Amino acid sequence: MTDLITLLTFPSISDGFTALRPTVHDNHTTLPSLPLSKVARLEADSDSGSASRSRAGVRPASHAIVVGSPVRVSISGDLSQPRRRPHIDDSLALLRRCMGIILTRDATEALPLAYERIFALCRDSVVIYNKGETLADMLKIELDQSVARLERGLADDVSEGVGFALPFAQALTWFEKQVGLLEDVMACLDRGYLIHTKEAKGTQQQANSLLLSRIFYDPRLHERLGEVVNEWLTWEWQNKAEHPARPYIGTLIRHLRIHAQYNARFESPYVKLLSEYYTSQAKKRSRPSDDPLTFLDYCATKTAEEASRARAVLPDTSWNAVQATTERSLLLGHLDWLAGGVIGPLVESNDAEKLRTLNALFDRVAELPKLVNAFKSFVTAKVAEIVCDVVKDEEMVERLLAFKSNASLALSFTVSSSSLTKDFQYALQDAFTSGFKNRHNKPAEMIAHHIDKLMRKGQGSASDESFNEQLDADLALYRFTADKDVFRAFYHRALAKRLLLGRSASDDAEKAMLKKLKEEYDPEFGMGDHMFRDLALSRDAMGEYHQCLGPERAAEQKLTAMVLQQSFWPFSSRKAQDVVIPGPMQRELDAFATFYSEKHQGHKIEWNHALGTVTLRARFAAGQKELSVSLYQAIVLLLFNDMTEIQFADVKLHTDIEDAELRRTLQSLACGKKKVLKKRPAGKDVNDEDVFLFNDAFEDPRAKVHINSIQVKGTPEESQRMQSAVEGDRKHYLDAAIVRIMKGRKQLTYEQIKTETIETVRRHFVPDVTSIKQRIDGLVEQEYLRRDEEDRNLFFYIA
């Protein structure tokens with residue numbers, strides 16, 4: 001039984017009679033088909049719904065309601081027997097029918113209601129009749145049936161391979177559109193019921209959930225999506241062109257992203273396929289017989305192709321994954337082979353573009369340390385090859401400088417990370433140091449010779465900055481050699497020759513170089529300061545000598561002598577009787593020696609004729625020339641004032657010059673570029689049977705001709721003597737170092753002595769273990785050390 005209170009209770013969303021206005025009618029006529037009802041209306045034109053109801057069944061009353069007066073409500077129907085509500089059931093049936101039509105693809109039946117009417121029925125069913133649960137169940141069933149039909153349709157689709165992308169994308173496009181439409185017309189179901197029910201899902205959520213379970217998780221459809229990716233990529237790899245179905249792939253990806261299935265259903269198989277394909281391709285192209293440079297080009301090309309394809313088709317979230325997978329699949333497992341094979345040619349050819357490509361590839365796969373190691377190994381091997389090439393010893397420094405320049409330029413193409421750039425720089429330095437160790441002494445000697453050439457040549461038209469850069473480049477090589485004492489010995493000798501023969505381009509440059517060497521490299525280079533002091537004192541002494549001779553004799557005096565302290569100059573003295581000096585020249589030498597001895601009592605003069613120079617006037621058929629020659633060359637040439645031709649044996653007899661020195665002297669006069677003598681028979685070497693004649697036909701465009709370059713150039717014999725002298729000095733240096741160490745420590749084992757000795761002398765040279773052992777045994781024999789009788793590796797210092 002329905003009570004009156006229930007009938008008079010308005011829904012919670014209505015303000016009932018409280019909103020009544022004077023224009024509202026007091027009663028209405030109820031249509032026979034309607035159930036028991038109560039009506040409270042606003043103004044007739046206040047909304048379209050009220051206006052519609054007014055036209056349909058509400059007629060004007062005969063009188064108006066007066067504000068504050070009682071209101072009469074007419075109730076039709078039998079209160080004892082509640083009537084059925086056939087119209088809500090019909091409405092629900094009509095709504096379900098509309099749902100089915102909307103969710104049926106290619107439906108032949110038209111919608112029985114307009115979208116607005118569907119919306120109104122849904123609203124009334126949920127809000128007025130509280131049928132949200134029933135309507136939600138209908139929606140669930142219709143969605144499930146629609147997805148099931150969609151699933152069957154896709155499963156039965158006859159499209160193969162990449163062709164399946166189009167029907168699949170079209171099906172999802174249609175379904176998403178219809179679900180969106182359904183969500184709009186059934187908005188009151190979502191907002192009025194589903195949103196307030198914890199267990200229930202919204203229309204879109206239900207649709208997506210069904211798609212996942214029935215479509216995306218279907219093994220058959222999942223397999224066919226994998227075939228789409230496989231066939232598409234394979235076709236483009238094989239044909240090197242865009243597949244005609246590529247636009248459908250983009251549409252498919254968009255739908256997969258909408259349903260959060262892109263990563264699992266497309267990107268993962270895509271990346272897996274990339275990995276498998278390029279791994280197999282890399283194995284085929286990286287065999288020992290293959291060219292690493294060609295493989296590098298292939299890697300760069302394919303990386304660019306895959307990046308371009310990803311940017312054209314895939315979302316930006318996949319770009320990095322595609323590039324990383326491509327590069328790692330191509331490179332991993334072949335990095336050592338690739339780096340070792342390409343770093344050398346690229347550095348030597350200075351190929352900036354490919355060096356950047358190589359660097360970027362190794363950087364992106366996080367394997368730059370392998371490239372650093374390959375760079376170091378190549379540089380070490382190349383430096384070792386250069387320093388060990390005996391045939392090209394004269395070109396050693398030039399080749400090292402050119403190679404170091406290329407290698408340093410290669411460093412400019414390294415990654416921007418300062419730590420990694422430093423790794424390459426340290427690798428370069430370590431590699432040069434290791435390469436120099438493959439040949440002892442000679443690299444240091446050749447560096448000294450190269451600096452000697454620069455100092456004799458001078459900067460010329462070059463700027464001070466450019467000239468200093470050349471010197472700094474040579475000194476950078478000097479840092480890599482462990483034989484610092486060898487460099488120092490040869491540099492001092494070359495410096496002495498330049499100063500004594502007047503071949504130095506600039507005294508200021510010489511002093512600046514000595515200062516840099518002493519302050520930045522080795523304090524023992526201070527010996528050069530004493531050389532300049534000796535030269536200054538010699539000039540003062542010659543001035544005093546000429547003053548003592550008087551104006552007339554000083555004008556005739558042609559002698560210039562340099563008095564040098566032997567301890568500061570790297571030359572061994574030669575006795576005067578070693579060479580036969582012509583009478584007038586010998587008398588001048590004796591006169592100066594007498595003067596100096598009287599002025600500096602207790603000082604002894606020993607002449608070194610090997611470094612003497614003479615200026616001669618010679619008359620040839622083409623005219624008179626001034627010849628700048630060495631003292632030995634002058635002694636030989638003066639013989640031809642009395643004889644027209646002389647045999648080698650006679651030259652040796654008259655000059656008493658050492659055999660090897662005499663042969664070099666005659667060779668410079670008769671076999672060089674400036675032949676003031678002729679040799680019979682002709683040839684480059686001087687033999688015992690050769691005969692020498694004065695070359696009256698000698699010509700030269702210059703009035704002053706220099707032929708004394710033989711003094712400046714080092715000879716193999718001189719080099720060997722210097723090397724032997726250095727080895728002798730090393731023995732004394734080791735002896736002094738070992739005694740100094742033992743004096744402070746009193747007792748040490750052999751290993752301790754060896755370690756401390758190497759550390760002590762390492763600034764000058766790196767001794768080998770055998771030399772240290774020999775010096776220890778020598779000091780034991782000389783009773784500086786004592787070996788323990790029980791432990792033969794233990795030594796004691798003997799005070």
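## Alanine 509

Alanine 509 counts as partly exposed because its relative accessibility is 22%; the class lies between buried (under 20% relative accessible area) and exposed (over 50%), with a 1.4 Å probe and protein chains only. Alanine 509 sits in helix α22, residues 507–520. Helices here are DSSP runs of H or I with at least four residues, strands are runs of E with at least two, and both are numbered from the N terminus.

Neighbours within four places in sequence aside, alanine 509 is in contact with Met455 and Phe467. Contact means heavy atoms within 4.5 Å. Phenylalanine 467 and alanine 509 are 42 residues apart in sequence, and their C-alpha atoms are 9.8 Å apart in space.

## Basis of the model

The model is predicted: local features need pLDDT of at least 70, side-chain atom pairs count only at pLDDT 80 or more, and totals for chains, interfaces and linings use all residues. Residues are numbered from 1 along each chain as its sequence is written, and side-chain values use heavy atoms, with hydrogens and water left out.

## Packing of α4 on α6

Helix α4 covers residues 115–128, and helix α6 covers residues 165–185. The two pack at an angle of about 55°, with their axes 8 Å apart. Axes are lines fitted to C-alpha atoms, for helices over the stretch in contact; angles run from 0 to 180 degrees between N-to-C directions. That angle makes α4 oblique to α6. Oblique is what remains after roughly parallel (under 35 degrees), roughly antiparallel (over 145) and roughly perpendicular (65 to 115).

From α4, Tyr115, Ile118, Phe119 and Cys122 meet Leu181, Asp184 and Val185 of α6. The residues of this contact divide into six nonpolar, no polar and one charged. Ala, Val, Leu, Ile, Met, Phe, Trp, Tyr, Cys and Pro count as nonpolar; Asp, Glu, Lys and Arg count as charged; the others, Gly among them, are polar.

## Backbone exceptions

Most residues other than glycine have a negative phi, and most peptide bonds are trans. Asparagine 130 has a positive phi of about 55°. This residue lies in the loop between α4 and α5 (132–156). Asparagine 130 is exposed, at 67% relative accessibility.

Glutamate 783 also has a positive phi, about 65°. Its loop runs between α32 (769–781) and β8 (785–787). Glutamate 783 is exposed, with a relative accessible area of 58%.

Arginine 680 and proline 681 are joined by a cis peptide bond, with omega about 0°. Proline 681 falls in the loop between β4 (677–680) and β5 (691–694).
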